[in-house]
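Colleague: I would like to learn how to read a model like this one. Could we take the features one at a time?

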Amino acid sequence: MARKLPKTDVVIVGVGWAGGIIASELTKKGLKVVGLERGRERKTEDYFMVHDELRYALRYDLMQDLSKETITFRGNERIRALPMRQYGSFLIGDGLGGAGVHWNGHTFRFLPYDFEIRSKTTERYGKNKIPAEMTIQDWGITYDELEPYYDKFEKTAGISGEENPLGGKRSDKYPTPPMKKSPAMKMFEKAAKNMKLHPYMLPSANLSQSYTNPDGIARAACQYCGYCERFGCEYGAKADPVVTVIPVAKKSGKFELRTHSHVRRILHKGGKATGVLYTDTTTGEEIEQPADIVVVTSYVFNNIRLLLMSGLGKPYDPSTGRGVIGKNYAYQVMKGNAIGFFDNKEFNTFAGAGALGVVLDDYNGDNFDHSNLKFIHGGGISFTQTGLRPIQNNAVPQGTATWGKEFKETSLKYANRYLSVGAQGSSMPFKHHYLDLDPTYKDAYGDPLIRITFDFEDQDRNLAVFLANKSADILKEMGADHIDSLKELGPYDITTYQSTHNTGGVIMGDDPATSAVNNYLQMWDADNVFVVGASAFAHNSGYNPTGTVGAFSYRAAEGILKYRDKGGQVV
Amino acid sequence: MAEEKNKEIPQDESRRKFIRNTGYTVGGLAVGGILGSLIPWRKDHSNGSNPPSSHEQNFNQALMYFTPEQFNIVEAATERIFPADDHGPGAKALGVAFYIDHQLAGDWGFNAREYMQAPFYRGEKVQGYQGRLKRRDIFNIALQEIDNHSMQVYKKSFTELKGEQKDKILKDFEEDKVNITTISASGFFQMLRSATLEGVYSDPLYGGNRNMDGWKMRNYPGSQMAYADVIEKDFTKIKPQSLRNHMNH
């Protein structure tokens with residue numbers, strides 16, 4: 001029998017960006033919040049030895065221990081799903097702050113087009129533009145409705161940036177000016193302008209200058225040390241939940257954080273959650289935490305897994321397209337890129353910051369005419385300077401030997417002489433791409449793993465090559481002596497790193513028949529359960545997701561307070 | 001133009017200067033994290049902070065896992081993957097074989113943080129490694145097979161082969177031209193190649209990249225506190241530092 005604890009107002013499952021934001025907002029209003037985090041406590045001082053590429057980038061020190069839990073994957077329903085035994089395509093965070101600790105800090109807003117994608121695509125190109133199996137739908141919210149929440153997140157995190165000339169309307173400028181510009185960034189910017197494109201500084205959570213946010217949290221400026229993604233920040237300059245929102249929640253005296261607490265079920269009765277059941281991972285003890293409101297804020301996979309294991313919401317059935325939990329899993333098309341080698345220029349590419357870069361949206365969303373193209377949407381094209389660490393960055397021109405004398409000589413020659421221009425392609429959902437529980441493989445507690453059924457489609461193949469060609473054109477204008485670019489996307493391969501931007505599965509919408517949560521992230525099927533994160537994305541845009549996750553989290557916090565006052569569905 | 005920085009500034013001094021120049025101020029809620037992480041580094045160490053002189057023994061260079069025979073094969077093979085040349089030392093002088101030995105003795109060798117639960121099925125290539133063997137088992141089998149293949153082709157042990165002959169054996173592994181039922185020859189070769197680059201370029205604390213020579217060959221500065229003053233500049237040569245430097249503060 002599980003030990004039953006006293007009831008709390010709100011219990012939060014997973015304390016990363018979404019959980020941290022909601023904890024800070026609710027405790028400000030006096031609610032008693034318990035945060036359950038399966039991993040350990042983290043703090044800035046942990047990163048004293050952080051400039052260690054092997055430990056953090058190749059041995060995944062900050063990531064989930066796959067020996068305890070992983071996902072299974074198959075390209076389609078005819079294949080047996082097998083466990084992702086080692087890391088590759090994406091990296092699942094762990095511990096306080098979650099993936100918000102090891103991110104790079106790219107903090108974009110999605111385009112107005114994204115939130116009304118089906119309506120706007122149909123309006124401009126007719127309904128035949130959308131393939132029958134492509135399950136894009138409007139999100140039940142507009143950019144204008146979401147704008148104040150984007151603004152709030154950007155101010156909390158202290159985003160450094162300048163206005164996107166092709167983006168949605170802003171109510172205010174970014175709270176801090178853009179990051180510094182390296183010579184290579186200037187080359188990209190100049191080339192793009194020569195080509196009549198619209199480059200702008202990538203909105204960065206790395207802080208261009210010291211900053212105090214509206215909650216009174218002060219942080220120092222980024223030092224461009226070149227160890228950002230996959231690493232924690234030893235300066236606290238990179239905005240993460242541990243150095244921004246969690247301290248605010250803690251200071252309120254209303255937040256109780258419990259680490260090493262692995263939530264396994266949401267308990268519910270008559271369409272209402274009564275609390276959660278979790279295991280103390282240090283003792284193995286089962287504990288019940290009753291609560292008036294349950295907020296699910298773990299990473300995409302566990303949001304869906306927890307709902308399915310708990311029997312909350314209607315599971316998605318790919319054969320009929322009915323049901324919602326697990327529906328519209330999407331990813332990111334990251335391979336549309338090009339590498340330029342410069343024989344006579346050397347760059348400080350060892351230096352950098354996670355979100356240091358220049359980006360353009362001329363080929364993102366519906367900012368360009370798709371009438372004669374065999375895909376919809378697009379991707380942001382950027383040059384980023386994140387720090388080329390030596391184990392993982394040994395690019396050589398295609399055709400060069402990959403080991404031996406020639407490889408050594410060529411890789412040393414180009415170590416500081418190549419620049420990558422790449423696109424972050426959007427990812428559209430398809431009827432047969434989804435998440436469900438694996439019938440065979442279990443985690444360390446005997447619970448089923450989540451199963452991914454996903455592959456690239458014609459949409460993705462056409463988009464990737466289009467974006468790669470555009471990237472190569474820019475590198476040519478930048479004066480690269482030799483350019484290699486993607487020629488063919490190939491199948492989705494879980495073994496090579498692409499992006500930790502997994503989305504969907506508990507999507508937002510305005511109709512309970514086709515979506516799992518309303519536009520306050522409240523479950524249609526359980527008024528006192530809010531499921532927050534990129535799991536709410538009905539598709540994935542050509543941008544990093546965290547800005548939108550942050551906006552959704554503020555929106556959800558407001559919804560929870562509304563529910564607290566009035567009950568029922570808050571929309 | 002290239003310039004060498006930090007050459008003569010004692011490290012403790014450079015750190016104080018760094019704190020001054022970057023304008024850290026006390027006050028506000030979250031700065032505690034930053035100061036908390038900086039202050040312990042500033043303790044004075046009046047003794048024991050000199051790097052070991054070159055004639056001192058390197059106690060790290062002994063074997064945790066390999067037999068001497070295995071070690072010799074690994075040393076010979078990795079030297080072909082990353083050979084000594086005019087640019088500088090190869091895998092052998094950089095300590096790569098010791099690096100791999102030490103890695104196999106720990107988490108990596110045991111696949112300790114990877115999902116190793118049954119059932120095991122042969123999967124599609126895009127589903128990744130699905131074997132039941134751990135890296136240390138794979139090395140045991142593969143090193144034996146390298147020698148077997150070398151005996152078969154040249155009637156000699158791998159370590160006795162000439163350079164191009166060693167390359168031929170390794171290439172047969174890379175291209176799956178060796179028939180091994182228990183492991184993937186090309187899978188092993190890719191693992192050996194990756195491990196070689198790790199040994200060449202990881203922090204010297206792991207036993208490879210000896211004397212930071214791997215980094216020096218490509219002008220990689222290792223672990224530096226900050227590049228805020230070089231990020232806007234053209235290529236700048238900076239004297240490398242390892243994580244060990246941080247311990248001296």
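Modeller: Start with strands: helices (H or I, at least four residues) and strands (E, at least two) are DSSP runs, numbered from the N terminus. Two strands pair if DSSP finds at least two bridges between them. This is a predicted model, in which local features need pLDDT of at least 70, side-chain atom pairs count only at pLDDT 80 or more, and totals for chains, interfaces and linings use all residues. Residues are numbered from 1 along each chain as its sequence is written, while chains are lettered from A and ligands numbered from 1 in the order in which they are written.

Colleague: Which residue is the bridge partner of A:Gly352 in strand 16 of chain A?

Modeller: Strands of a sheet pair through backbone hydrogen bonds, either parallel or antiparallel. Here A:Gly352 has A:Thr386 as its bridge partner in strand 16. Strand 15 (residues 352-360) and strand 16 of chain A are antiparallel, with five bridges. Strand 16 of chain A is also joined to strand 17 (residues 418-425) of chain A by four bridges, again antiparallel. One partner pair there is A:Gly379 with A:Gly425 in strand 17.

Colleague: How many residues of strand 16 of chain A are buried?

Modeller: A residue is buried if 20 or more other C-beta atoms lie within 10 Å of its own, exposed if 12 or fewer, and partly exposed in between, with C-beta atoms placed from the backbone. In strand 16 (residues 379-386) of chain A, eight of eight residues are buried. In a regular strand the side chains alternate between the two faces of the sheet. In strand 16 of chain A, A:Gly379, A:Ile381, A:Phe383 and A:Gln385 point one way, and A:Gly380, A:Ser382, A:Thr384 and A:Thr386 point the other way.

Colleague: Which strands of chain A are the edge strands in the open sheet of four?

Modeller: The order of that sheet in chain A is 5-4-19-18, with mixed pairing. Strand 5 and strand 18 are its edge strands, each pairing on one side only. Strand 18 pairs with strand 19 (residues 448-453) of chain A in the antiparallel sense over five bridges. Within strand 19, A:Arg451 is the bridge partner of A:Asp436.

Colleague: Which residues touch the most other members of the largest nonpolar core?

Modeller: In soluble globular proteins, nonpolar side chains tend to be buried together. A nonpolar core is a set of buried Ala, Val, Leu, Ile, Met, Phe, Trp, Tyr and Cys residues joined through C-beta atoms within 7 Å. The largest one has 233 residues, and A:Ile22, A:Phe188, A:Val295, A:Val531 and A:Val532 touch the most other members. Domain 1 (1-43 + 223-249) and domain 2 (68-214) of chain B both contribute residues, so this core lies between them. The domain bounds come from an automatic or database domain assignment.

Colleague: What is A:Phe188 in contact with?

Modeller: Two residues are in contact if their C-beta atoms, placed from the backbone, lie within 7 Å. Leaving aside neighbours within four places in sequence, the contacts of A:Phe188 include A:Pro199, A:Val358 and A:Phe383.

Colleague: How many residues does each chain give to the contact between chain A and chain B?

Modeller: Chain A gives 69 residues and chain B gives 63. On the side of chain A, the largest share, four residues, comes from helix 10. By class, that side has 32 nonpolar, 20 polar and 17 charged residues. Here Ala, Val, Leu, Ile, Met, Phe, Trp, Tyr, Cys and Pro count as nonpolar, Asp, Glu, Lys and Arg as charged, and the others, Gly among them, as polar.

Colleague: How many helices and strands does chain B have?

Modeller: Chain B has ten helices and zero strands. Of its 249 residues, 37% count as buried. The mean pLDDT of chain B is 84, where pLDDT is the predictor's confidence in each residue, from 0 to 100. Over residues 1-52 of chain B the pLDDT is below 50.
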